[in-house]
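Please look over the model shown here.

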Amino acid sequence: MKRVYNFSAGPSCLPEEVLKECADEMLDYNGTGQSVMEMSHRSKDYKPIIEGCEKKVRKLMNVPDNYTILFLQGGASTQFAMVPMNLGVKKGKAAYVNTGIWASKAIKEAQKFVDVDVIASSEDRNFSYIPKLEKISGDYDYVYVCFNNTIKGTHFEYIPDTGDIPLVADISSCILSEPLDVTKFGILFAGAQKNLAPAGVTLVIIRNDLITGAPLKGTPTMLNYKTHADEMSMYNTPPCYAVYVMGKVLDWIEKNGGAEGMKKRNYAKAQLFYDYLDNSKFYRSTVEKGSRSIMNIPFLTKETDAEKAEAINKKFVSEAAAQGMVNLAGHRTVGGMRASIYNAMPIEGVQKLIAFMEKFAKENF
Ligand SMILES: *Cc1c(COP(=O)(O)O)cnc(C)c1O
């Protein structure tokens, strides 16, 4: 068997020991004679799986009792609608920070339901930084940020101060990559396929006072947070198998030092990579210092001729793949390459990539 280093932005690599455990339990989970895939979500065998997963999230992220944890479907993208439909009821107005594609999509969706003030944007420099925000005030139902921009490789290094206004954050690509103070947020949500599980489950952490049960008129039952909160994410069939894998990934995180352990691991990898880029004659980071993601690292070569650069990028991606480092092509809006180095990526993967980059540079520049 040959495993590759998978630098995909999502779905992305999972810890190998988790995959092995899932394989071992595929045909017979815990003596039940069934796969978790085949189980009734209401069975006594499944119940501890989803309840255990909830407890693990609560423990690892230090989620206080006045917050509810939900396992939903529809991806992070469905939260782009659920947030305004549920929170945009009192004033009908929300503040958004535009830091790139995922924030722009959320803005566009919210505009269907509420008035949106884009209070800051980094579009002026191609979303290569995170705007510094002063304390936010205003007649808003909530303030919205995308905490880690998977595509542009930027990350909030501070939590915006919104006073009494609930702060909502999309943490799809940085959840549990380092400790985060949940109490500073009204809602946190994450599509699981970046750092937690296979695709299919979206984790939502919501402060209980925001689960009003009185969303905008016409909100479908399935898009009302209260529907899911009242039924412990069992109003309908939850994404059973993805929740089961998430539980195992959370065990793996715990075994490796929890959120603090992930931070150490991730900073070691990211530091190594940024140091290499910043000191390289051939490559460069596309993100300004002070806004850099430790999860998603886009980079370009220093080839200035666009056509030549394109050819070099293609060559880089295909030669890397031939050597067992896959999914390194950059997003079409950034160009170049992107290495996503989520929790499960071992430092050996980053070391191998850097060694390849050095050799590639010698051969091609
Ligand atoms: C991947 C991603 C999304 C989209 O998630 P889906 O689950 O595919 O809807 C949204 N926001 C961020 C920051 C992402 O990285």
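The sections below describe a predicted model.

## Annotated domain

An unreviewed UniProt entry places the feature "domain: Aminotransferase class V" at residues 4-353.

## Cavities

Two cavities of 30 Å³ or more occur in the structure. The largest cavity holds about 60 Å³ of space. Its lining consists of Phe 71, Leu 72, Gln 73, Met 222, His 228, Ser 233, Asn 236, Thr 237, Pro 238 and Pro 239. By class, five of these residues are nonpolar and five polar, with no charged residues.

The second largest cavity has about 40 Å³ of space. Among the residues lining this cavity are Cys 13, Leu 14, Pro 15, Lys 194, Asn 195 and Trp 252; Tyr 342, Asn 343 and Ala 344 also belong to the lining. The lining of the second largest cavity divides into seven nonpolar residues, two polar and one charged.

## Sheet and packing helix

An open sheet is built from three strands in the order β11-β12-β14, with antiparallel pairing. β11 (283-285) and β14 (337-340) are the edge strands, each pairing on one side only. From one strand to the next, the twist averages 30°.

Three bridges join β11 to strand β12 (residues 296-301) in the antiparallel sense. Arg 284 has Leu 300 of β12 as its bridge partner. Helix α7 (residues 258-278) packs on the sheet and touches β11, β12 and β14. The direction of α7 makes about 15° with that of β12.

Definitions and conventions: Residues numbered from 1 in each chain as written. Predicted model: local features only at pLDDT ≥ 70, side-chain atom pairs only at ≥ 80, totals over all residues. Heavy atoms only, no water. UniProt positions renumbered as here; feature names shortened; annotations may be inferred. 1 Å grid on protein atoms, 1.4 Å probe; cavity = no way out; pocket = protein on both sides within 12 Å on 5 of 7 lines; lining within 4 Å. Points joined across faces, edges and corners; volume = space filled by probe spheres on them. Nonpolar A, V, L, I, M, F, W, Y, C, P; charged D, E, K, R; others polar. Pairing = 2+ DSSP bridges. Helix = DSSP H or I, 4+ residues; strand = E, 2+ residues; numbered from the N terminus. Axes fitted to C-alpha atoms, helices over the stretch in contact; angles between N-to-C directions. Contact = heavy atoms within 4.5 Å.
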